[in-house]
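Dear colleague,

Please find the structure below. I would be grateful if you would look through it alongside the notes that follow.

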Amino acid sequence: MLLQRLAGYAEENVTTPPFHREGEFLWRLDLFTDGRETRLTGLREPDGKRRGQRRVTPAVTRTSGVAPQMGADDVRYVFGWGDDTTEPARVADCHARFVALIREWSGSEPDDAAAVRLVRFYQDETMPARPDGVGAKDGVLIAVDDELVIHRPSLMRFWAAEVARRKGGTTPQAGLCLVCGETRPLVDSMPSTIAKHLVPGASNDAALVSVNKRVFGYGLTKNLEHTPICFDCANAVGSGLTGLLGSRHAVNLPGQDSRMVWWVVGAAEPDVLSGFATGPDPDQVNVLLARLRSGELARARELAESVASDERFCSLTVGGNASRIMVRDWIDMPLPTVLLHLAHWYRDMLMVTWAHDEPVPFGLWQLVLATGRWERRSGEKGRYTEIGSKNGRRREHVQRDLLARALRGYPLPPSVLHHVLHRIASDGRIDAPRAALVRLALCDPREKESRVSAGLDENHTDTAYLYGRVFAHLEKIQYKAHGPDVNTTYGDRFMTSAIGNPVPAVLAGRKLATAWLSKIRRNPETRNAEWSLRSTLDTLINKINPADPLPGFLPPHRQAQFVLGYHQQRADDARRARDHQKKTATESDDED
Amino acid sequence: MWGPGALFTRPELKVERVSYPVMTPTAAIGVLESIFWKPEFSWVPVAIDVLAPITQFTQRRNESIDIVSVSEALAGRTVDTAEHRTQRHSVCLKDVCYRIYAHVELRGHATNPAAAYRGQFRRRVERGQCFHQPYLGTREFSAYFGPVDERDPISTSMDLGVMLHGVHHDKAGVRFSWFDARLEAGRMLIPRVGKVTELAEA
């Protein structure tokens, strides 16, 4: 159904004429029928950069052979001008074939004045003077009497017939089309490819359907002899995929090995899907979660799957393999099913932060960003290494793993948790997006309830979780004693080792805490806080069950508990501090 | 029948392969014939029940694009995998389980009634006998088989697109027949004959 869906998308959303494609053009050749002089004009932007006009022109896939396009092509074909990188004989052949194609067009449409004028130009007139800086592959648009010839209806008719001749194989055939199910003329090879900048990993413009080696074809045959696809569908599949990959529905983060596109069939686009990649709206997420808790989403999913609902969610994830597109994932499922999976994603990903009272959802890119290296900068705020940079140390498939969790409801692979823990230990940085990733990894989307809470869980008795909380509290005591200007904090010194085995780090911290607490007690400004800090530390320590000692080195899921305990304790402390400030401010206002 | 993986390749995506979500009729015939077949009859599948949820996994692996003809092989040439290595990606099915409904259709020279062949088939299934290990779409994915149980199919319904119905070899060459496949409450019905359009010059 993939090709059917792409063709359906093209039918509804793409307005590009058949067998046309967008390209960049740096030159324009103007011809006139009223005696004005022929003119060659540069279209490059005045800022000096190599940017011309982007135009949708007649074009089909051109591989290694000489194959002119119609009405607009590069300098080799239009003028026969080569450069240092081109072979003169080949350039001459390109030009001769382009001129021959123009003559054929004029021959088939003798009443078209533009075609006649163009033939006369090639037959009787000299070429314009070659400007400086012309490259052999610069695009050239051709206009007659100020109208681009690519817009001539006769040219479009001729071009459709020409494509059928080129892409129909040596013996053009008609038969049942796999995509539309109708009996129509069939292509021998796909008429269009997808631009390589739209397909991560592709080294050339890439094709979704192609049998270019005998070993892959039925009965050791090449091309689409046993894969019947008609011209209309072949064109629609190409233009639909190009339209989708370049649309706002494409999710592609630099440095990742795939690009995901999604679209909705038969229904309006749910708002909650729109901010999924960039930044979800908490209100929309809350509405979705309310529908999850009421059981409405589960019931809708069940009904939609049993009756094959027409409201479908489609998602295609592609990567490049040289000049071929590989399908990394293909989803075609009822819309309510995807919404249910998305609700499970948000349910398990919400996380408290240092700045908000309520747990917040994160966009896909924020999570992918948090899997990279954290750069500390002296005198400035730290930041994550940009997505796509080589020293970011991100796994190139993390986007795909997260998408599978969000849309398909697959659990995150253990490699994601392992990677995030490794990054936390290396960078010494635990923040809300990383904690959200850890929580996602610990929760199974198939379970009815989330196994891990989004905020501080006072009743959670896991020893690693409690050690995380104690560690965070020790850090807090140090900050209270010394202020924020400590060169190397307790956390800086012990975080890396504490994630693997928190016991020695906490023992060392408790010894250090004695001095920190006495300093707090001696300072008149902080004296009142000492008792509270000490008592909280004792309470947390007393919660640790001595009958459940930690092993020498924690396995990943227990390291994750430590990370969550640490983050959630800090977020809770920040919330309490905000509450205290608000309360103090209100009381002082009342006194005034 | 069941297996840990399957790949029923869609003809339009057969190089970087993508599987149909459900077993195809031709794959079902292949499985039945690997268990029991005689020249006196042919298998005609009529329905396939999907008994396990449809889930996917992907794999990428090295393949060879070298082909050695019989005459070349007899002359001693072997497949040079190192020189002709290429990587291909596949979207496969995971943990599949199907129930196949099929008729025994006798050919002209058959000497026994269809019930005799059905009986032989059932006895072979009960004993776990097969001519060669059946597979689910491609030989990498071995299939296991057993007597029919009464499990309900999954509740999913969906259109599957145009699916290969059969391959017909005749003097003019290879022809294919197709049908509009649909999964209805976990069951895919297979028409008696597929749509065949003679290829004609366009």
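How many cavities of 30 Å³ or more does a search of the whole structure find? The search finds three. A cavity is a set of points, on a 1 Å grid over the protein atoms alone, where a 1.4 Å probe fits but cannot get out, and its lining residues have an atom within 4 Å of a point. Grid points are joined across faces, edges and corners, and a volume is the space filled by probe spheres set on the points.

This is a predicted model, in which local features need pLDDT of at least 70 and side-chain atom pairs count only at pLDDT 80 or more, while totals for chains, interfaces and linings use all residues. Residues are numbered from 1 along each chain as its sequence is written, chains are lettered from A and ligands numbered from 1 in the order in which they are written, and side-chain values use heavy atoms, leaving out hydrogens and water.

The largest cavity has a volume of about 70 Å³. Its lining comprises 14 residues, of which Leu208(A), Glu12(B), Leu13(B), Lys14(B) and Val15(B) are the closest to its centre.

The second largest cavity holds about 50 Å³ of space. Among the residues that line this cavity are Met190(A), Leu208(A), Val237(A) and Leu241(A). Strand S10 (202-207) and helix H6 (231-245) of chain A each give two or more residues to this lining, and H6(A) gives the most, with three. Helices (H or I, at least four residues) and strands (E, at least two) are DSSP runs, numbered from the N terminus.

Turning to the interface, 45 residues of chain A are in contact (heavy atoms within 4.5 Å) with 43 residues of chain B. The two chains bury about 3700 Å² between them, 61% of it on carbon and sulfur atoms; buried area is the accessible area (1.4 Å probe) that two parts lose on being put together, summed over both.

The rule finds one salt bridge across this interface (a side-chain nitrogen of Lys or Arg within 4 Å of a carboxyl oxygen of Asp or Glu). Arg324(A) and Glu16(B) meet in a salt bridge through their side chains, at 3.8 Å from N to O. On the side of chain A that touches chain B, at least two residues each come from helix H1 (2-13), strand S8 (173-176), strand S9 (183-185), helix H9 (296-306) and strand S13 (312-334). The largest share, nine residues, is supplied by S13(A).

With kind regards

Technical notes: 1 Å grid on protein atoms, 1.4 Å probe; cavity = no way out; pocket = protein on both sides within 12 Å on 5 of 7 lines; lining within 4 Å.
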